[in-house]
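Me: I would like to go through this structure with you, one feature after another. Please keep the answers plain.

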Amino acid sequence: MSPIAACTVAVIGAGASGLAAARQLRREGHSVVVFEKESQIGGIWVYTNNTEPDPIGSDPTRITVHSSLYASLRTNLPRETMGFREYPFVAKKSGQRDPRRFPGHREVLEYLKDYAAEFGIGELVRFETEVSRVWRRECGKWEVRFRKTSGDGDGEVVCESFDAVVVCNGHYTVPRIAHIPGVDRWPGKQIHSHNYRVPEPFLNKIVILIGSSASAVDISREIASVAKEVHIASWSNSSEESTTLPGYDNVWLRPMIESANEDGTISFPHGFRISADIILHCTGYKYHFPFLDTQGIVTVDDNRVGPLYKHVFPPSLAPWLSFVGLPWKIAPFPQFELQCEWIAGILSGRISLPSQDEMMKDVEAFYDSLQASGYPKRYTHNMTGYQFEYNDWIATQCGAPKTEEWRKKIYHTTSLNRKARPENYREEWDDEDLVLQAYQDFAKHISCKQVS
Ligand code: FAD
């Protein structure tokens with residue numbers, strides 16, 4: 001099957017990546033249906049107090065809650081860098097909105113709603129419709145099986161055919177847990193940050209928090225305000241010494257745990273042991289596509305989704321199956337936009353892909369280079385240090401402008417500021433000149449409607 005001018009495309013998920021997909025596909029002239037299992041757009045940015053009954057998510061039959069946000073969450077990227085390229089995330093004047101440079105999660109949801117309204121995306125979305133199976137028929141068409149989860153036709157299972165499927169289901173819902181020898185016999189409680197909402201349940205507890213991501217930094221400080229002690233265990237902390245966190249007398253930085261013991265203690269290297277109440281895993285998430293049936297063509301192996309050409313297309317199914325938003329350690333929204341523009345242009349035949357063989361060779365060379373530099377497989381989609389090079393490569397394929405210089409610089413200065421001022425990088429910064437450049441750029445293409 002060769003690309004045709006306009007395709008019917010199923011997009012799975014109406015989070016930020018699914019919205020970007022719908023926008024770009026429709027702009028290119030394709031006919032789009034977005035399947036969304038929840039009752040509103042926004043994906044991870046739809047905060048809920050609900051948590052899962054299994055706090056570490058090890059039971060595959062558990063009821064899942066999609067969002068992983070905690071109540072106090074503010075963005076870890078400033079709005080200028082975070083926003084879509086064609087629809088900047090500028091502060092709105094309305095009193096209902098959060099104008100801060102690093103706003104709270106509600107503001108991001110409002111922004112995504114504005115984006116959807118601006119481009120008329122809502123009308124493409126089928127809410128409360130969960131995709132349960134996606135597979136390719138011999139004729140090349142894709143079958144999407146879905147189920148209404150409420151309202152008219154609740155529980156009814158239906159199949160529809162499409163020329164192409166774009167997978168936008170997110171990857172911050174299924175917890176990855178640190179392996180701790182002996183933890184099965186340890187009597188304390190374990191929880192993953194996916195199920196963390198507020199600090200109160202940690203009142204007067206001795207908590208071992210594992211991880212060093214942006215969420216781990218936020219959550220450890222928040223818990224420290226109520227907990228008796230917080231011990232941050234991380235592979236990146238020195239194994240030689242344990243220190244207190246500057247500014248706190250109840251938070252310690254520890255090397256990674258050695259074992260959990262039946263008597264309730266946790267052992268660290270060099271003989272240090274402590275009796276603890278809770279282990280909080282801030283250890284990331286697993287890619288998960290329970291609906292995808294590609295007969296083994298696309299697999300998830302130690303968090304590598306592959307084989308995928310440029311993290312998007314499985315070579316033998318390209319361009320009819322694609323994935324948006326797999327990379328991490330990036331500014332996601334602008335990358336989603338570019339990936340989606342690329343997919344849309346390829347589907348219409350405006351942009352071409354290399355041959356299947358060439359794509360496969362490219363994927364293999366990429367995997368070889370990761371292995372040669374000692375990069376673990378689970379970091380395949382970690383784009384530390386090269387997101388803008390990648391984005392600019394896609395932009396060139398699309399004939400789109402490359403990343404703005406201010407966006408790259410703000411991303412970089414924010415990373416440095418976050419390390420230098422982990423407590424207050426959201427309030428104090430030194431890159432006001434770059435912010436000014438960003439707003440001068442925005443002024444060229446934002447509508448009055450967008451700031452009111
Ligand atoms: P999601 O937002 O997860 O959306 C996926 C959608 O697919 C959901 O609506 C879900 O209901 C739907 N879905 C899933 N399966 C099915 C199915 N079978 N059928 C139908 N629908 C389905 N990014 C930033 O830019 N700045 C930040 O500050 C930031 N902070 C973050 C903090 C935390 C704690 C986390 C977890 C992530 C953060 N991110 C941040 C990253 C964030 O995940 C991305 O910005 C982005 O929102 C991901 O969008 P997505 O559409 O790929 O996935």
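Me: To begin with the helices, what is the handedness of the crossing where α1 passes α5?
Reply: α1 passes α5 in a right-handed crossing. A crossing is called right-handed if the near helix is turned clockwise from the far one by less than a right angle, and left-handed if anticlockwise. Helices here are DSSP runs of H or I with at least four residues, strands are runs of E with at least two, and both are numbered from the N terminus.

Me: Before going on, what kind of model is this, and how are the residues numbered?
Reply: This is a predicted model, in which local features need pLDDT of at least 70 and side-chain atom pairs count only at pLDDT 80 or more, while totals for chains, interfaces and linings use all residues. Residues are numbered from 1 along each chain as its sequence is written, and side-chain values use heavy atoms, with hydrogens and water left out.

Me: Back to α1 and α5, then. At roughly what angle do their axes cross?
Reply: The axes of α1 (residues 16–27) and α5 (residues 332–348) cross at roughly 35° and come within 8 Å. Axes are lines fitted to C-alpha atoms, for helices over the stretch in contact, and angles run from 0 to 180 degrees between N-to-C directions.

Me: Which residues meet there?
Reply: From α1, A16, S17, A20, A21, Q24, L25 and R27 meet F333, F336, E337, C340, E341, A344 and L347 of α5; contact means heavy atoms within 4.5 Å. The residues of this contact divide into 9 nonpolar, 2 polar and 3 charged. Ala, Val, Leu, Ile, Met, Phe, Trp, Tyr, Cys and Pro count as nonpolar, Asp, Glu, Lys and Arg as charged, and the others, Gly among them, as polar.

Me: How many residues surround the ligand?
Reply: There are 32 residues around the ligand, and the closest are S17, E36, I44, H66 and N76.

Me: Now α8 and α9. Is their crossing left-handed or right-handed?
Reply: The crossing of α8 and α9 is left-handed. The axes of α8 (residues 405–420) and α9 (residues 432–443) come within 9 Å and cross at roughly 145°. W406, K409, I410 and T413 of α8 meet residues of α9 including L434, V435 and F442. The contact residues divide into 6 nonpolar, 2 polar and 2 charged.

Me: On to the sheets. In what order do the 6 strands of the open sheet stand?
Reply: The order is β9-β17-β10-β11-β13-β12, with mixed pairing; two strands pair if DSSP finds at least two bridges between them. β9 (189–192) and β12 (243–244) are at the edges with a single partner strand each, so one side of each has no neighbour in the sheet. β9 pairs with β17 (residues 278–281) in the parallel sense over 4 bridges, and H192 stands opposite H281 in β17.

Me: And the open sheet of 3 strands, is its pairing parallel or antiparallel?
Reply: The pairing is antiparallel, in the order β4-β5-β6. β4 (129–136) and β6 (157–162) are the edge strands, and the twist averages 25° from one strand to the next.

Me: Last topic: where is P307 found?
Reply: P307 is found in the loop between β20 (304–306) and β21 (321–323). The peptide bond from G306 to P307 is cis, with omega near -5°.

Definitions and conventions
Near = heavy atom within 4 Å.
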